[in-house]
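The entries below follow the order in which I went through them.

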Amino acid sequence: QVQLVESGGGLVQPGGSLRLSCAASGSIFNIYAMYWYRQAPGKQRELVATITSGGNTNYADSVKDRFTISRDNGKNTVYLQMIRLKHEDTANYYCYAVIQVIGGSPRNYWGQGTQVTVSS
């Protein structure tokens, strides 16, 4: 079975920075695209950033030039570097990945989420 475990969330002041990590574990054969989503209270979950297996990235307009997604394929880990954080970035951040386990077909997996709170 595959697990995605996020870490790095917390409380930060406006203008501050945080780095989220999401590590995949299990009998992994290949990891395709990896994503960060977020969900604020009372709002729908939204896509924040995407990175393909080849390293191509894409961002929501609201986080462009402030967030950077990256991955370490050797560690099966995706990162989200967030700078110049704003109150509206407050949300639970979720990792999502398309993963193929040994002997299986690609499937979608979600992490459990990590809370980011931007407040003074």
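I began with the largest pocket, which has a volume of about 180 Å³. Of the 13 residues that line this pocket, Arg38, Lys43, Glu46, Glu88 and Asp89 are the closest to its centre. I noted the search terms: on a 1 Å grid over the protein atoms alone, a pocket is an open set of points with protein on both sides within 12 Å along at least five of seven lines, a 1.4 Å probe fits at the points, and lining residues have an atom within 4 Å of a point. Grid points are joined across faces, edges and corners, and the volume is the space filled by probe spheres set on the points. By class, I found two nonpolar, four polar and seven charged residues in the lining. Here Asp, Glu, Lys and Arg count as charged, Ala, Val, Leu, Ile, Met, Phe, Trp, Tyr, Cys and Pro as nonpolar, and the others, Gly among them, as polar.

**Source.** I am working from a predicted model, in which local features need pLDDT of at least 70, side-chain atom pairs count only at pLDDT 80 or more, and totals for chains, interfaces and linings use all residues. Residues are numbered from 1 along each chain as its sequence is written, and side-chain values use heavy atoms, with hydrogens and water left out.

Strands β4 (residues 28–39) and β5 (residues 46–51) run antiparallel and are joined by five bridges; strands pair if DSSP finds at least two bridges between them. Trp36 has Ala49 in β5 as its bridge partner. Six residues lie between β4 and β5 in their hairpin, and Gly42 in the turn has a positive phi of about 75 degrees. I then followed β5 to β6 (residues 57–59), also antiparallel, with three bridges. Ile51 is bridged to Thr57 in β6. This hairpin has five residues between its strands, and Gly55 takes a positive phi near 95 degrees.

Most residues other than glycine have a negative phi. I noted Asn76, with a positive phi of about 50 degrees, in the loop between β7 and β8 (77–82). Asn76 counts as partly exposed because its relative accessibility is 25%. I also noted Arg84, whose phi is positive and near 45 degrees. Arg84 lies in the loop between β8 and β9 (91–101) and is partly exposed at 45%.

**Arg66.** Is this residue buried or exposed? Arg66 is buried, because its relative accessibility is 5%. I placed Arg66 in the loop between β6 and β7 (67–72). Its contacts (heavy atoms within 4.5 Å) beyond four places in sequence are Gln81, Met82, Ile83, Arg84, Leu85, Lys86 and Asp89.

Definitions and conventions
Helix = DSSP H or I, 4+ residues; strand = E, 2+ residues; numbered from the N terminus. Buried < 20%, exposed > 50% of the residue type's maximum accessible area, 1.4 Å probe, protein only.
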